[in-house]
Amino acid sequence: MSFITLQNIQKSFGATQVVRDFTLGIEKGEFVSLLGPSGCGKTTVLRMMAGFETQTSGTIVLDGQDMGGLPANRRRIGMVFQSYALFPNLTVAENVAFGLKIAGTPRAEAARRVDEMLGMVGLSGFGARYPFQLSGGQQQRVALARAIAPRPRVLLLDEPLSALDAKIRISLRSEIRAIQRELGITTLFVTHDQEEAMSMSDRVVVMSGGRAEQVGAPSEIYNRPATRFVAEFIGSLNLVPGTVRDAATGAIETPAGVIALGRTLPQANGSAVSLAIRPEGLHIGQDGNVVLNARVADSEFLGSIIRLRVMAGGNTPLVIARFNREGHTVPEPGQELTVSANASDIIVLDGVA
Amino acid sequence: MKSGRIFSALFFGLACLYFLLPLVGTLEFSLRARRGEYSLDAYRNVLADPQFHQTIGYSFILSLATIVLGVLIVAPTAFWVRLKLPRLRPVVEFLTLMPLVIPPIVIVFGYIRLYNTSSWLPLLGSAAGSDFLLVCGYATLSLPYMYRAIDTGLRAIDVGTLTEAAQSLGAGWVTVLARVILPNILTAILSGAFLTFAIVIGEYVLAALLNRPAFGPYMVWMGGNKAYEPAALAVVAFGITWASMGLIQLFSRFSKHTQARR
Ligand SMILES: Nc1ncnc2c1ncn2[C@@H]1O[C@H](COP(=O)(O)OP(=O)(O)O)[C@@H](O)[C@H]1O
Ligand SMILES: [Mg+2]
């Protein structure tokens with residue numbers, strides 16, 4: 001039994017179903033992200049966990065306790081909002097002390113805890129300020145300190161960085177993660193930003209249309225997308241349409257020629273599939289076991305990375321990414337070259353792109 | 001562009017005249033108690049009248065009670081409607097307008113019918129009971145103003161998220177209202193309070209028909225029996241109202257956390 005178990009959660013608002021058969025287990029101390037496009041139901045899952053919405057069916061169990069019917073204020077679950085939601089009439093210290101006061105923490109101990117929390121988020125000495133006197137990033141740090149001060153069992157964050165500047169967003173990512181690790185607090189983080197989810201999480205839940213499409217470690221999600229949606233949503237991807245010729249040997253006919261993957265496919269002979277491969281899975285040269293001839297269409301120099309657009313086998317567009325190393329020349333448009341890949345890097349997805 | 005500005009200045013001037021002329025007339029008249037010269041005699045008489053002190057003291061205390069009752073009724077209602085029943089807002093807004101449509105005399109006759117000495121709940125049989133009914137009536141009359149003031153205050157803050165933030169920190173409904181919502185709409189509550197105060201101080205019908213010694217009936221009685229004193233009384237009443245308005249400004253200026261927003 002996981003520390004948190006969400007079991008077969010369904011949620012409808014009126015006639016529209018927003019969360020479908022959502023099941024997820026989270027271990028103690030884990031940092032899990034819900035990742036998906038806007039409107040896919042991430043916030044709704046988080047709000048059901050927090051107790052602000054009630055699921056239509058399904059159960060949520062936290063540390064062996066069924067959350068059903070337990071009001072939000074008795075769940076001991078901390079929450080951080082995109083809009084910070086600091087109490088504007090209270091100072092920073094009073095904001096952080098809010099939950100402690102309600103819990104009846106003795107004054108001296110609460111003061112000590114507030115100092116400790118403000119130190120942790122790097123805002124020592126800001127206690128007497130009012131929220132309006134802080135920048136967005138500082139306000140969100142206070143909100144984080146406020147949420148963790150009463151030692152909640154779980155920390156929920158709903159797009160906490162989305163309202164911030166890019167630079168602060170990136171530095172706060174690692175700060176949140178560091179604090180989470182230090183406290184060992186079980187955390188559920190909602191974002192629509194894949195980079196955020198991938199860089200911060202132990203595990204990522206990719207959601208679409210109210211469903212969990214795939215749950216896994218960031219590398220697993222990236223390298224082994226389980227569904228077409230995940231493959232297309234995470235990172236960029238080359239998709240080549242094809243038809244299974246021999247499922248036993250993994251032979252697939254594509255516009256660029258027959259590609260042999262050398263492994264058994266679950267699809268039936270004759271079914272339409274798409275081959276997916278990351279730009280960085282394609283190499284120039286012949287060192288892979290799938291080799292295609294291609295012509296360079298154009299190239300983009302992006303500093304550390306060079307991105308090439310090529311036409312393989314005459315009319316199949318592919319994007320290739322490779323590191324820029326000294327001594328390497330950037331191929332010219334029109335140049336002919338050989339492109340190769342490892343068959344194991346090629347993912348076979350059902351249906352045509 | 002330029003003619004627009006001239007027009008607005010013109011209209012502003014006209015509006016000022018419209019409001020100020022009667023006031024100036026009243027003020028001027030109140031100073032003419034002594035023949036042939038201006039004097040403060042009328043004011044002296046008014047302020048020396050023990051009934052003035054009694055009635056205004058009485059009305060002041062009742063207005064405080066009305067404000068407390070009004071805030072206790074309106075703030076949780078407006079909060080709940082905003083948070084949980086946004087679709088009911090037009091209905092509630094309409095209901096709060098009813099006191100402007102239904103004359104106070106209807107309310108007071110209703111009270112007399114329901115709570116007279118031979119009724120099931122003879123509130124009107126005692127002074128305290130009558131005072132209670134009067135406060136209820138005042139709270140009804142000030143409902144449109146109190147509701148609008150508080151609702152405007154609630155619109156300025158993110159009620160939903162602040163409530164949820166407080167709940168996730170362990171706060172129950174009473175704590176949410178008392179420690180998060182009310183302090184953040186204090187300026188709005190104050191403006192509703194001062195409007196209520198102005199209404200209660202000048203109200204006549206309810207107090208007269210319930211036969212309570214309020215300031216409104218006293219003013220009317222003065223008007224029927226004296227010449228210059230009623231004008232002086234009117235000026236004093238205006239002064240009180242304006243002082244209330246000034247206090248609204250002062251309070252909103254001095255609430256620390258709102259300084260940045262204005
Ligand atoms: N209170 C509500 N009433 C009706 N529909 C809602 C409500 N809350 C969310 N929805 C709908 O549910 C869907 C998922 O919303 P949400 O969980 O906020 O998505 P996300 O956080 O992934 O962007 C959206 O289509 C949204 O319009
Ligand atoms: Mg959301």
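Across the interface of domain 1 and domain 2 of chain A, the rule finds five residue pairs in polar contact, both residues at pLDDT 80 or more. A polar contact is a pair of N or O atoms within 3.5 Å; within protein, one must be able to donate a hydrogen and the other to accept it, and residues adjacent in sequence count only if both atoms are side-chain atoms. The elements that give two or more residues to the domain 1 side are helix H7 (218-223) and helix H8 (228-233) of chain A. Helices here are DSSP runs (H or I, at least four residues), numbered from the N terminus. H7(A) gives the largest share, three residues. By class, this side of domain 1 divides into four nonpolar, two polar and two charged residues. Ala, Val, Leu, Ile, Met, Phe, Trp, Tyr, Cys and Pro count as nonpolar, Asp, Glu, Lys and Arg as charged, and the others, Gly among them, as polar.

This is a predicted model: local features need pLDDT of at least 70, side-chain atom pairs count only at pLDDT 80 or more, and totals for chains, interfaces and linings use all residues. Residues are numbered from 1 along each chain as its sequence is written, chains are lettered from A in the order in which they are written, and side-chain values use heavy atoms, with hydrogens and water left out.

Now take chain A as a whole. Domain 1 spans 4-231 and domain 2 spans 237-350; such bounds come from an automatic or database domain assignment. Their C-alpha centres lie 39 Å apart. Eight residues of domain 1 are in contact with nine residues of domain 2, where contact means heavy atoms within 4.5 Å. The two domains bury about 740 Å² between them, and carbon and sulfur atoms give 43% of that. Buried area is the accessible area (1.4 Å probe) that two parts lose on being put together, summed over both. On the domain 1 side, A:Tyr222, A:Arg228 and A:Ala231 supply 68% of the buried area, more than any other three residues.

Next, how do the chains meet? Chain B gives 22 residues to the contact and chain A gives 23. About 2000 Å² is buried, 65% of it on carbon and sulfur atoms. B:Glu164, B:Leu169 and B:Arg179 lose the most area in chain B, together 33% of what that side buries. B:Glu164 also forms a salt bridge with A:Arg47, with the closest N and O atoms 2.7 Å apart. A salt bridge is a side-chain nitrogen of Lys or Arg within 4 Å of a carboxyl oxygen of Asp or Glu.
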